[in-house]
Amino acid sequence: MTTKSIDLSLEIWRQKDSRTTGVFESYQLKSISADMSFLEMLDVLNEKLTREGLDPVAFDHDCREGICGMCGAVVNGIAHGPEPETTLCQLHMRHFCNGDTIVIEPFRSRAFPIRKDLIVDRSALDRIIQAGGYISVNTGGAPDGNAIPIPSATAELAMDAAACIGCGACVASCPNGAAMLFTGAKISQLSLLPQGRPERKERAMAMVSAMDKEGFGNCTNERECEAVCPKGISIRNIARMNREFVKASFFG
Amino acid sequence: MQLKSNVPEGPLAEKWDKHRFSTKLVNPANRRKYKVIVVGTGLAGASAAATLAEQGYEVSSFCIQDSPRRAHSIAAQGGINAAKNYQNDGDSIQRLFYDTIKGGDFRSREANVYRLAQVSNNIIDQCVAQGVPFAREYGGTLANRSFGGAQVSRTFYARGQTGQQLLFGAYSALSRQIKSGKVTMHTRQEMMELVLVDGQARGIVTRDIISGEIASYSADAVILATGGYGNAYFLSTNAMASNVTAAWRAHRMGAGFANPSFVQIHPTCIPVHGSYQSKLTLMSESLRNDGRVWVPKKPGDTRKPGSIPEEERDYYLENKYPSFGNLVPRDVASRNAKEQCDAGKGVGSTQLAVYLDFAEAIRRDGEATILKKYGNLFQMYEKITDSNPLHEPMMIYPAVHYTMGGLWVDYNLMTTIPGLFAIGECNFSDHGANRLGASALMQGLADGYFIIANCIADYFGSTNPDKVSSTLPQFVDARKKCQDRIQKLLRGSKNGPQGKLTVDDIHKELGILLWDHCGMARNKEGLEKALAKLPALQEKFWKDVYIPGKGKELNQSLERAGRLADFLEFAEIIIRDALAREESCGCHLREESQTEENEAKRDDVNYSHVSVWEYQGDGQEPVLHKEELTFENVTPSQRSYK
Amino acid sequence: MWFVSFVKSSIGKKWIMALSGSFLTLFLCSHAAGNATLFSSISLFQAYADQLHSHPLIISVFSKGLTLTFAVHVVTGSLLFLQNRKARNQRYKVKTRAISNSQASSTMIYSGLFILLFIVIHTSVVSFGDHGKIGVTISEMFRSFFVSMFYIIAFIGLAIHLSHGFWSMLQTFGVNHPSYNSLISRLTYIVPLFFLLIFGTIPLLFLFGMVS
């Protein structure tokens, strides 16, 4: 393990609440251990700000092991920072150099209103799921788990799509603020599995229409979403959603 | 406090069926008249809210995160147990029951554990139907892996993200009910208080994390699914927001708290790097199958691991436990690692780590084989620590992981407060003094999908509660209590931070106090010392902590301060419970209770009970009650790993 | 009406872009084939033009259809551009991209508008000129260095537009499979280069006086 430490200049978006407009503030941090995670670096900053009587930076975080999807910010222009397939909590300071200036901005999209500093409201993603991101089975009465054989490869493909943590980095990085990767991943997962087939048409129609209603942009195949996705979800899922939606529209 | 377990009569295997037949039901048309509050949206909470709504109840669901999909169940990696016996290797409900009760070192209720094993199979079917992409064999059937504490292969998994996928299943069921209007979802709400009317749980008070508004909600029953309290130790594998507040507030209102000192400490976590460390990351225990645990023989040896010759290394697990070696159970491995570090032999920059060395396994099996088995774990380790386990030994250290203790519940999952239920990790019921791998997910979903709805129906059917509204004085008082408490928290911060401490400063101090004296190995002297130190720490918190900002705004420091205030109160019963239990069992070693070979010695004569603590008021000593455990179907046996 | 809601949806609009784009690409194929007669001689090209214009019905149907398709492509594309700008109402301070090679995709609206400008000029000179003397018109036109350069730059713009457009069209149609993705990624270079080669060579031939 390294014990290197670095000094940093930070420029962080500070916004009091949804109603006020925000500004960038600059902060200096000295002797940041390279073994720290990005969020621990922010913790150190917040402890410092608190001791100085200043308002600490509000940011979302929870599991800090890259799975809950709560954390996220745009670091030097890239959602979740420079490391591929890494959430902000799993990004370590060793990927930065002494003297670096780091610009930290919230995920920006019309559908993600900023609540405070780096905290945004991503409930639009939940509403997309509520529109149809499920298989309509009640608890009880499910057939035996082995009743429908599912090819291992299909289960793996479904799992690739199901790995989405709903962090919203795809929306934040998309030049159009589109939520196609998020929506496509869920539609894909459920349309690949035989259990999800009966509702596939209704699901595709309902989820796409919910997505449009939330004010997300349209996909122009820029592939930024795939590049920043911490779980490496492929835009192949968007292609699959396109097929599902067109099939449902024309032959629904 | 009356502790009536309400375990039904009859043979073990028939208890649940008989019980379901004998309990009251609510007619489907009448269910919409009943309101249920579910706090928490992890596996237990989300599955309970969805299931109750499907059956027709009006459900209000609350979560602390911005979405119900983020509850900490999501972080479970390994898998979920079920007695399907798909592998034809001799598994059965009886065996899953036995393994679980034995794994818990005979400190759980037979009837509850048996029921858990019974419904385990339904969970798998339910999750498959929901579209959970479990791993499959090439023939298309469900795949299984084996896990610690069992000799059969019964663990179902979805890569290393089983918890995530099961949670998404429950979240999708919940989302469907939100869409249908049967569940009203309240996100970014923290439960601050439980409201009782005529001794029954009738509502909660919450603080809106975004606006800081205090609001109350009324219902006919309240279900707590708020997880465990591992964060009392500051550093744990729990998520940052995991806390004891909901359970503790319920305890203060009269809910008994069972076995608070039963805290599981996981041996293979990535060690602490520095004082800034905010949480610990778990790595699969399977690493110990091929890794050899060692420390330098000489205390304070700072040489690189590669330059320490073989004869100057202490493979302490292999030496001490020749037959099990590096594969001793979690608690033994954890305890010994701490012992070595306390003796000054710890390695790494903080000297709080031991080596887990794969060099011999690589020599024996080749790099490719080892990478095939542990590639993703090695990657994860390297991502965090920047060191490649192929070239230098991993460093590991134990970390607080799961809390078996929780709110005491009877067979109907109801606490000692009528109308207040606790499910999932929040209750104490099924894991005794130690939880087996892949059993937490099973218990959360069993409670939520298959058990709680029957209990709720029975409660409504037999009590027929009157309607209440949140304009009642009890609700007004509870809201006021919360507001006063927030004012009290902020009171000391008016004059700025000079000479003050931050919330984390004090939380770290509490963490160290508990870790040092109430961790894997405890003794009377240490526990008494910790108990004596606690009031001063509490006083320091209320006097010296500085919280920036106001109450009616998004204020993360205030959130943490509120949780810490409850951890500080709660710590007292962790320590008292550890002090009262003068035996070694499950996860912990009581140093006074050891065999001649320095192994944990359980004392079934004096401690075959659940310790339940009753709150007596601020500054009053809590009262200990006991629920005796009787074993009619299994014979408690002593463990030995020599 | 399902069709209206399809057209109004995000994926529907993308689909219209892809469908109109694929029609326009087919038109480019036929246009390229016709223009390729210039590699032989101006008179052959003139003969091809005469032959084409001897079927006014076909010309009328095709030109109207083409105009309509083109208009749909331009209008929908502009609409998407405006909607997408609104969806991302705040820009980032640091503007970087996580993927390299994003120039073609991020400039679709600009390359598209440039092609629109080119087509307005091109059609007003060539399509609405005298078909009987088209061979003469273009040979005179391409003698000018600046006109030729303008055409070549426009063809480069078209190639850039196509390099993203062609792949994007397939993705929108849902054609994305590991077995074919390497072929598709090769085609994203081959297709635009093919058109650039055919269309771009013609002004060069005139410029260097190599057309018989």
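**Reading contacts between domains and between chains**

Author: In this predicted model, the centres of domain 1 of chain A and domain 2 of chain A, taken over C-alpha atoms, are separated by 30 Å.

Reader: Which residues of chain A belong to domain 1 and which to domain 2?

Author: Domain 1 of chain A covers residues 5-105, whereas domain 2 of chain A is made of the two stretches 123-136 and 146-251. Where these domains meet, domain 1 of chain A gives 12 residues to the contact and domain 2 of chain A gives 11 residues.

Reader: How should I read the size of such an interface?

Author: The size is often expressed as the accessible area that is lost when the parts come together. Between domain 1 of chain A and domain 2 of chain A the area buried is about 770 Å², and carbon and sulfur atoms give 62% of it.

Reader: How many salt bridges and how many polar contacts are counted between these two domains of chain A?

Author: The count between domain 1 of chain A and domain 2 of chain A is 0 salt bridges, and there is 1 residue pair in polar contact, with both residues at pLDDT 80 or more. On the side of domain 1 of chain A that touches domain 2 of chain A, the residues divide into 6 nonpolar, 5 polar and 1 charged.

Reader: Now to the chains: how many residues of chain B and chain A are in contact, and what area do they bury?

Author: In this case 75 residues of chain B are in contact with 79 residues of chain A, and the two chains bury about 6,500 Å² between them, with 51% of that area on carbon and sulfur atoms.

Reader: How many salt bridges and polar contacts does the rule find across the interface of chain B and chain A?

Author: The rule finds 8 salt bridges across the interface of chain B and chain A. A:Arg122 forms a salt bridge with B:Asp66, and the closest N and O atoms of this pair are 3.1 Å apart. Across the interface of chain B and chain A there are also 48 residue pairs in polar contact, both residues being at pLDDT 80 or more.

Reader: Which helix supplies the largest share of the side of chain B that touches chain A?

Author: The largest share comes from α5(B), with 9 residues. By class, the side of chain B that touches chain A has 29 nonpolar, 27 polar and 19 charged residues.

Terms used:
Residues are numbered from 1 along each chain as its sequence is written. Chains are lettered from A and ligands numbered from 1 in the order in which they are written. This is a predicted model: local features need pLDDT of at least 70, side-chain atom pairs count only at pLDDT 80 or more; totals for chains, interfaces and linings use all residues. Side-chain values use heavy atoms; hydrogens and water are left out. Contact means heavy atoms within 4.5 Å. Buried area is the accessible area (1.4 Å probe) that two parts lose on being put together, summed over both. A salt bridge is a side-chain nitrogen of Lys or Arg within 4 Å of a carboxyl oxygen of Asp or Glu. A polar contact is a pair of N or O atoms within 3.5 Å; within protein, one must be able to donate a hydrogen and the other to accept it, and residues adjacent in sequence count only if both atoms are side-chain atoms. Helices (H or I, at least four residues) and strands (E, at least two) are DSSP runs, numbered from the N terminus. Ala, Val, Leu, Ile, Met, Phe, Trp, Tyr, Cys and Pro count as nonpolar, Asp, Glu, Lys and Arg as charged, and the others, Gly among them, as polar. Domain bounds come from an automatic or database domain assignment.
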